[in-house]
Amino acid sequence: MKTDDFIAMLANEVPPVDRRAPGRRFALALLLGFASATLLMAAGLGVRPDLAEAIHLPMFWARLAFAAGIGGAALWLTLRLSRPGVRIGARWAGLAAPVAIAWTGMAIVLAQAPAGARVALLLGHTWHVCAILIALLSTPTFAAMLWAVRGMAPVRPRVTGAAVGLLAGATATMAYCLHCPEMSPAFWSTWYLLGMAIPAAVGALIGPRALRW
Amino acid sequence: MDRATEGLSAPEFHLRDCFIRGLAGDAVQYRRFLDGLGSHLRAYLRRRLPRAQADVEDILQETLLAVHNARHTYRDDQPLTAWVHAIARYKLMDFFRAHARRESLHEPFEDDGSLFVQSDVEPADARRDVGRLLEALPDRHRLPIVFVKLQGLSVAEAAQRCGISESAVKVGVHRGLKALAARIRGSA
């Protein structure tokens, strides 16, 4: 087929493009993913029994804000990476801010603790399951967001895959916060981050294949 | 003047205008956009592929299809050059990967904004026949494209001929063109 005929074919009968469709698709994917993660957490792990008291602790909200901050940055990156030619540049730093704040908190807590108690603060009681559970809870958002991004045109599939994975991990972490009994920043700024890093790494691995177009 | 139109060259300004109208459903303006873009892309690809001139028309068609399939991802506040350039570059990288012409990558690949500087309206022959790839698509994709996009029937007429709903015809065209892009990728 000659290029002229090909162009004529493409231009023939073009319906108006719904400019809001991508936004709706992303919102749906995120909502479905978060709802599924929360249901999975409630059904499989159970909401922590003292949740009603825990919500009065500032640390409960700091922990949630940590996950939400990373999730917000990852969502912003995912949205931008889904469109060709949108720059990110120095705004990658948005991702580092919540981590830097949490690690500062960890450093303060560990510095104030007696030397013998530091390892206990870092490991808590659930370090051996925390990251794995977060990674498992991230699967619904991961799948839903991959579907949403596949409807777009990411030109950097590996980085985009990682951003999708990180977003899925952060969404899972927010749901997991309602279950997890650990309140020390030393614990959660380590193990939550590791839990989010697992789906991010998976995303970077499968991105080039899963997001090809 | 907003960020997307500030300091634009005349051809880009014109193309962007046609494109935006095309997005709103104006087929004549959209055709004008694709024609103009095609000439610029041809010149761009011929510069980028000095040793693979025979492939230029193929990559051009593939890139135009990619632009068409991704047209909903353009943001109004974004320079058209940046958007088109990112897509063209993505498709070109795909081509390089498929052909492992590593030496071609030595040329730096920056967004130099030169996409709309030159234009080349003389087409060469495409090596790959997109028409044949189209014929090989399954009926649910092929028929809507043949009726609506090639024969120029209205969506309603095509729906009647295929015995499916109008929205199914629209979805068929949309998915069919995506499937065509996948076939083109597979044939590289």
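This note sets out points on a predicted model with chains A and B.

1. Conventions. Residues are numbered from 1 along each chain as its sequence is written, and chains are lettered from A, with ligands numbered from 1, in the order in which they are written. As the model is predicted, local features need pLDDT of at least 70 and side-chain atom pairs count only at pLDDT 80 or more, while totals for chains, interfaces and linings use all residues.

2. Confidence. The predictor assigns the complex an ipTM of 0.90 and a pTM of 0.90. The average pLDDT of chain B (pLDDT being the predictor's confidence in each residue, from 0 to 100) is 87, and 88% of the residues score at least 70. Within chain B, α3(B) has the highest confidence, at 95, and α5(B) the lowest, at a mean of 89.

3. Chain A overall. Chain A has ten helices and zero strands; helices (H or I, at least four residues) and strands (E, at least two) are DSSP runs, numbered from the N terminus. Its C-alpha trace spans about 75 × 35 × 25 Å along the principal axes. Of the 213 residues in chain A, 43% are buried. A residue counts as buried if 20 or more other C-beta atoms lie within 10 Å of its own, as exposed if 12 or fewer do, and as partly exposed in between, with C-beta atoms placed from the backbone. Among contacts in chain A with a separation of 6 or more, 88% join residues 24 or more positions apart; two residues are in contact if their C-beta atoms, placed from the backbone, lie within 7 Å.

4. Helix α8 of chain A. This helix covers residues 139-150, twelve residues in number; at 1.5 Å a residue it should span 16 Å, and its end C-alpha atoms are 16 Å apart, which agrees. The expected span is 1.5 Å times one less than the number of residues. The buried residues of α8(A) include Pro140(A), Phe142(A), Met145(A) and Val149(A). They pack against α2, α4, α9 and α10 (185-210) of chain A.

5. Two local sites in chain A. Glu13(A) has a positive phi of about 50° although it is not a glycine. For comparison, most residues other than glycine have a negative phi. Glu13(A) is placed in the loop between α1 (3-11) and α2 (21-45) of chain A, and is partly exposed, with 18 other C-beta atoms within 10 Å. Gly72(A) belongs to helix α4 (residues 58-81) of chain A. Gly72(A) counts as partly exposed because it has 16 C-beta neighbours inside 10 Å. Gly72(A) and Leu95(A) are 23 residues apart in sequence, and their C-alpha atoms are 8.6 Å apart in space.

6. Chain B overall. Chain B comes to eight helices and zero strands. Buried residues account for 39% of its 188 residues. Of the contacts in chain B with a separation of 6 or more, 64% are between residues 24 or more positions apart.

7. Domains of chain B. The chain is divided into domain 1 (10-106) and domain 2 (130-187), with bounds that come from an automatic or database domain assignment. The C-alpha centres of the two domains lie 22 Å apart. Six residues of domain 1 of chain B are in contact with six residues of domain 2 of chain B. On the domain 1 side, these comprise two nonpolar, three polar and one charged residues. Here Ala, Val, Leu, Ile, Met, Phe, Trp, Tyr, Cys and Pro count as nonpolar, Asp, Glu, Lys and Arg as charged, and the others, Gly among them, as polar.

8. Contact between the chains. Chain B contributes 39 residues and chain A contributes 25 residues. Elements giving two or more residues to the chain B side include α1 (10-23), α2 (27-48) and α4 (80-99) of chain B. That side of chain B divides into 20 nonpolar, eleven polar and eight charged residues.

9. The largest nonpolar core. A nonpolar core is a set of buried Ala, Val, Leu, Ile, Met, Phe, Trp, Tyr and Cys residues joined through C-beta atoms within 7 Å. The largest has 110 residues, and those touching the most other members are Ile134(A), Leu137(A), Met145(A), Leu166(A), Tyr176(A) and Ile87(B). Helix α9 (residues 157-176) of chain A gives the most to this core, with eleven residues. Both domain 1 (10-106) and domain 2 (130-187) of chain B give residues to this core, so it lies between them. Leaving aside residues up to four places away in sequence, Ile87(B) touches residues of both chains, among them Pro84(A), Ala153(A), Val155(A), Thr63(B) and Ala66(B).
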